[in-house]
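Here is a short report for a first look at a protein model. Keep the structure in view while you read.

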Amino acid sequence: MTPTDAAIQKCQSDKCINGYPNSKLECPTCTKNVLKLTKSHKAVHDLVKGISAAASNPDGTYNPFPNFRFTGALRPVYPLSPKRAIPDSIRKPDYADHPQGIPTSERSIDANTLRVLTPDEIEKMRVVSRMGREILDLAASYVKPGITTDEIDAVVHEATIARGAYPSPLNYRQFPKSVCTSINETICHGIPDQRKLKEGDIINLDVSVYYDGYHSDLNATYPVGKISDQDAKLIETTRKCLDEAIKICKPGALFRDIGKAIEPIAKANGCSVVRTYTGHGVDKYFHCAPNIPHYAKNKTPGTMKPGMNPKTRAEIEKLSGGNNQDELRARLANRIEFGTAGLRGRMEAGFSRMNDLTIIQASQGLCAYVLQQNPDTAQDEGIVIGHDHRHNSERWALLTARAFISKGVKVYLHRGLVHTPLVPFSVGRLRAACGVMITASHNPKDDNGYKVYWQNAVQIIEPHDRGIAESIKANLEPGPNAWSADDVTKSPLCFDKTEEMTELYLDQVSSQIHDRSLQQLNASTHLKFVFTAMHGVGYNITTRAVESAGFKPFIVVQAQREPDPDFTTVPFPNPEEHGALNLAIEEANRQGADYVFAVDPDADRFAAAEKQADGKWTQFTGDQMGTLLASSILDRYKKSGKPIERLAMVASAVSSKMVESMATTEGFKFTECLTGFKWIGNTALDLEEEGYDVKFGYEEAIGFMCSPEIRDKDGVTALITFAEVTVTSRAKGKRLSERLNDLYNRYGYHQTKNSYFICHDPEAIKKIFARLRSFPDSNNRSITTPAAYPSAAVGLPVTAVRDLTTGSEYDSETKDKKPILPVTGGEMITFKLGIAEAGVQVVMTLRTSGTEPKIKYYIEGRGSDKDKISASLDGIVNDLWDSWMEAKKWNLGEP
């Protein structure tokens, strides 16, 4: 007989009732040794031989195990009542319908691996635990002499399903009831039966509930009527043990220390400690790590250190155990580096990822650097910290605060969810030493970020980024209590200025962004606006800003109104992405609205769409919105009577040259800078030092700087400014698309075509750009470097090249062939193609992303023939794909 054959045998005792009909029992020893079930084996199984009518009681109840050697007077009283039903509408754990009640999910987890719950999961645990407590209290109210444990089971069962929950014990490894009832502490996890409680009994009720994917597990011991002094002392001692154990449950305590706290109390009160059973963890799983022995000299491993993240540790151990060397190398070989003015990456284990450890290390390094740069003032100036709604954001904000508080630095910790622009605004108003915003902006849900602002309220640039990076490397060892987010807000160094800063922010929207001459026009406009917060933090602050500018409330996309870290309705929460505004446009069509406005999840970017006369929708590009905003700010500046030569505007190198054309015609200052608002903001400050009045800055990626107080992109102030452009234009009888055409007629037609190729292989990206500097059959060889750049695309000659990549810096248009703009760590090459006489001039920039696996391209054509420009841009994109990038060879993807 094989082990499989043995597994399908019925119990050989025809009198055995310790199971259900046709139960399939298996002797582990016999199976292991592949032994045939013999008569002697039958005898072992037939311990209950002798069950007969003589074992029954007059009322029909009976003891199913009359020959069992019980240690006390307690006996089971059968028969059990039928298995209680669960409505189909109630969510069940995986073992509920399993024939053997096997919890298959528990088998898939490492018994020694601890899970660290997210804030959302913790809240679910709170809900189910409160529910379990209610049911336990209800069951306890029925404890009295004469009631059976089966009747208590019925109470627990009905109370549980009435709350839409599942009683966790039911069918767990074939447990037949909905609660465990242990009378007189003679058995653990007792099965409720027909025995009536007696005066002087004590009963332990073990209530466990499964709701919304999580279990709770609570128990307590209760007296039945008047009990003996000895039993009363047992209950009292147990309570004392529990209270002392709870006291030591804090970061830094060892799991084995719980037993050390329990056993001395038990012994001092004349009790012993059960060594056979342990406490256990509970969350998604009914039973999981850690196991907690209750005796002193146990060897349970593990320390209670929140964020010494067992979850991320388990990820690495799993990769190591599976010998996944490539993934281990990707996660551990390099540290995550400062990209877009801080850190941004995927939330998972590893030094190159976003997790508790890298947040702690970054915060310790930043704090040390700030104290080094401003040793006399930094502690008192402090840091401003804010966070969005993403998974881990709140915890990481608290860990950041912990790192600064530990060094005596004042912390202005914004409470609740805030939009990113509030942090640099607060740094400026509070004159703080620096600021940190925990957000990944519009990145996918699995990403998060750590954005750093310097004391000038602008994102960091050189030399601070390098200095902070070095400081992080010098402060890698987490300090005392670095992993704990507990009690941070109770520190005397932690201040809450959230509402004060929000009110001041809205004041500047009303006084500096809003054109007060438009108050009546805003209030009376017949236009309807639909607004979406894209599942982010922007709804509340935008609603208040709209009100402050005099507008009637906007129509809100309810499905995307509330913060949702999983971005349920959009796979990629970037308003630029194709299809991201679909829900908003659908709502606009239902409501008969004219415009759709959106901010990205952290509300620092802004997008807009306009309904045309034919009913179709036009979503404006970042460059088109930049042009419309710049024209509005220019008009307002002209009305102020200030000298036009004092006005300055800034745009990134990859943005449209339309604002530059406007500046040439109108006579104001225009400055180009590197991509990113760390450069736009700092360029604005430099221009202010020179005496210019910088009213606007933008980048094509729908980032707009409309406030003189916030040298960073701000979706809320951009929305207010854009809404006022809209009402003034429509008051003159023109849609924004028509106003845009008027601007093209005045300053020259500009058309952009921006997108990206997807590439997850950094080595492939390096080879692609290396080939662009050594292009086959190139007639465009650099004079000062060995590079040979492409000489043409779609028949348009390359007339100039600027390479801002570190180690390859080159500019064909400067006298010394060195670029004026600073070089960047990533790849970035700009090409000028075509000549004015041919009717088409093109500027194209290719660059890598600092935060995403992309090769981005920005192409703009200028000229008088729209059709010719459009055809040229399409042809250039095709040449990029086929020839310049060799997309098929490198397996590049498209959005």
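## A pair of bridge partners

Which residue in β19 is the bridge partner of S652? It is C673. Keep in mind that this model is predicted.

## The open sheet

Now widen the view. An open sheet is built from 4 strands, in the order β19-β18-β20-β21, and its pairing is mixed. Two strands sit at the edges: β19 (669-673) and β21 (703-705). Each of these edge strands pairs on one side only. From one strand to the next, the twist averages 15°.

## The helix on the sheet

Helix α20, residues 622-640, packs on this sheet. The helix touches β18, β20 (693-699) and β21. Its direction makes about 170° with that of β20.

Check the length of α20. At 1.5 Å a residue, its 19 residues should span 27 Å. The end C-alpha atoms are 27 Å apart, so the two values agree.

An α-helix has 3.6 residues a turn, so residues three or four places apart point the same way. The buried residues of α20 include M625, L628, L629, I633, L634 and Y637. After α20 comes G641, whose phi is positive, near 85°.

## An enclosed strand

Turn to strand β7, residues 342-346. Of its 5 residues, 4 are buried, so β7 is largely enclosed by the rest of the structure.

β7 pairs with strand β11 (residues 447-454) in the antiparallel sense, over 5 bridges. Here R346 stands opposite D447 in β11.

Methods:
Residues numbered from 1 in each chain as written. Predicted model: local features only at pLDDT ≥ 70, side-chain atom pairs only at ≥ 80, totals over all residues. Heavy atoms only, no water. Pairing = 2+ DSSP bridges. Axes fitted to C-alpha atoms, helices over the stretch in contact; angles between N-to-C directions. Contact = heavy atoms within 4.5 Å. Buried < 20%, exposed > 50% of the residue type's maximum accessible area, 1.4 Å probe, protein only. Expected span 1.5 Å × (residues − 1).
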